[in-house]
Amino acid sequence: PNQDLFAADNYHQLVDNPILYAIPDTTMIHLPGISVEVACYSTSGKRISKDIAEYIRPLLIGQTKYLNNKLPVDRYTFLIYHSLAKNTNHLIGDGLEHSNSTLILLYMPLDIQTIKQNVYGIARHEFFHTLMPLGLHSHEIENYDYNNPKFSKHLWLYEGMTEYFTMHMPVKTGLKTEKEFLNTVEEKMAAMTEFDPNLAITDLSLHPMEMQGEYYNVYLKGALINLCLDIKLRELSGGKYGVKDLVLQLTERYGQGKPFEDNKLFAEIVSMTGYKELETFIAKYIEGTEALPLEEMLLKVGLKVEKGQILEIENSSPEQQKLCADWLR
């Protein structure tokens, strides 16, 4: 009666399944194809799961809709540990994704609005990780050697694409305006200039331990690479196919338990899409260090960049207007 037993098949399964062991404070969110549990513990003793679940529910609805209700898992849990901070200036929140859950650690006062906003900001990124790298990944991740780690070169996909989805999903599903989306793009364009422009994102991906000072650029340049790639794919397909479709197609081929060959993924993407033009894009901007063609790509959708701001061009063509609509609406 005083003992609970938890069993794991191996070390990897153990570290991939964090446990929140506490008096229950849980709320379920049922969505098409998936049930999401919000499980909380606050050192204040207050129950907070219901407020958090209600606040993030529209976000999760938007994310599942964005992914065509095609998720690699049918059950997911947000494990939230809130440690009470007495100083109102102390606000710390972070999360770590796992195959079927995200562990969120919060250190802040018992202000439910602040708590909800922090969980929302973390959840919008981590939930998309169910697709990649937790579902879609290479052998280096599938068979990760904890004693002698070997890294994949595809952080542009695992983190860059995930971050792009967090930007693109709200505007595509109507949760945010196009102006709000473009403001986020502007912020990432400005922040990207603080990092080494002569470092290819694939090189950073292969050597993250040695280049920790450059790592945050995967959320900046990595996201903007995928913005450019999204517009490029929309242009090549007449608006019908973008990076979201690419990821869902890759996930069908390389889901959980079916890792891809790290050095063959780029050729696979070119072959699968049928767009030979992607070879040049990949060589220049993902494996290479050429400046991203942001101005060129944004012009294709009727936008221009002036002094760091993204503005609509006057008298954009019907082709530009259609491509922009296919991209954002």
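Which strands does helix α2 (residues 49-66) lie across, and at about what angle does the helix run to β1? In this predicted model, α2 lies across β1, β2 (34-42) and β3 (75-84), and its direction is at about 20 degrees to that of β1. The strands belong to an open sheet of five, arranged in the order β1-β2-β3-β5-β4.

**Sheet**

- Strand β5 (residues 101-108) pairs with β4 in the antiparallel sense, and six bridges join the two.
- Within this pairing, Leu105 in β5 is the bridge partner of Asp94.

**Helix on the sheet**

- Helix α3 (residues 112-126) also packs on the sheet, where it touches β3, β4 and β5.
- The direction of α3 makes about 150 degrees with that of β5.

**Contact of α8 with α9**

- Helix α8 (residues 221-236) packs against helix α9 (residues 243-253) with their axes 8 Å apart.
- The angle between α8 and α9 is about 90 degrees, and the two helices are therefore roughly perpendicular to each other.
- On the α8 side, the contact is made by Asn226, Leu229, Asp230, Leu233 and Arg234.
- These residues meet Val243, Asp245 and Leu246 in α9.
- By class, the contact of α8 with α9 comprises four nonpolar residues, one polar residue and three charged residues.

**Second largest pocket**

- The volume of the second largest pocket is about 310 Å³.
- Its lining consists of 15 residues, and those nearest the centre of the pocket are Met192, Thr193, Pro197, Ala291 and Leu292.
- Two elements, α6 (178-192) and α12 (294-300), each give two or more residues to the lining of this pocket.
- The lining of the second largest pocket divides by class into eight nonpolar, three polar and four charged residues.

**Cavities**

- Two cavities of 30 Å³ or more are present in the structure.
- Asp196, Leu199, Ala200, Ile201, Leu204, Glu214, Asn217 and Lys221 line the largest cavity.
- In the lining of the largest cavity, four residues are nonpolar, one is polar and three are charged.
- The second largest cavity holds about 30 Å³ of space.
- The residues lining the second largest cavity are Leu59, Tyr120, Arg124, Thr166, Met169, Pro170 and Lys176.
- Helices α3 and α5 (155-172) are the elements that give two or more residues to this lining.
- The greatest contribution to the lining of the second largest cavity comes from α5, with three residues.
- By class, the lining of the second largest cavity has four nonpolar, one polar and two charged residues.

Conventions. Residues are numbered from 1 along each chain as its sequence is written. This is a predicted model: local features need pLDDT of at least 70, side-chain atom pairs count only at pLDDT 80 or more; totals for chains, interfaces and linings use all residues. Side-chain values use heavy atoms; hydrogens and water are left out. Axes are lines fitted to C-alpha atoms, for helices over the stretch in contact, and angles run from 0 to 180 degrees between N-to-C directions. Helices (H or I, at least four residues) and strands (E, at least two) are DSSP runs, numbered from the N terminus. Angles under 35 degrees count as roughly parallel, over 145 as roughly antiparallel, 65 to 115 as roughly perpendicular and the rest as oblique. Contact means heavy atoms within 4.5 Å. Ala, Val, Leu, Ile, Met, Phe, Trp, Tyr, Cys and Pro count as nonpolar, Asp, Glu, Lys and Arg as charged, and the others, Gly among them, as polar. On a 1 Å grid over the protein atoms alone, a cavity is a set of points where a 1.4 Å probe fits but cannot get out, and a pocket is an open set with protein on both sides within 12 Å along at least five of seven lines; lining residues have an atom within 4 Å of a point. Grid points are joined across faces, edges and corners, and a volume is the space filled by probe spheres set on the points. Two strands pair if DSSP finds at least two bridges between them.
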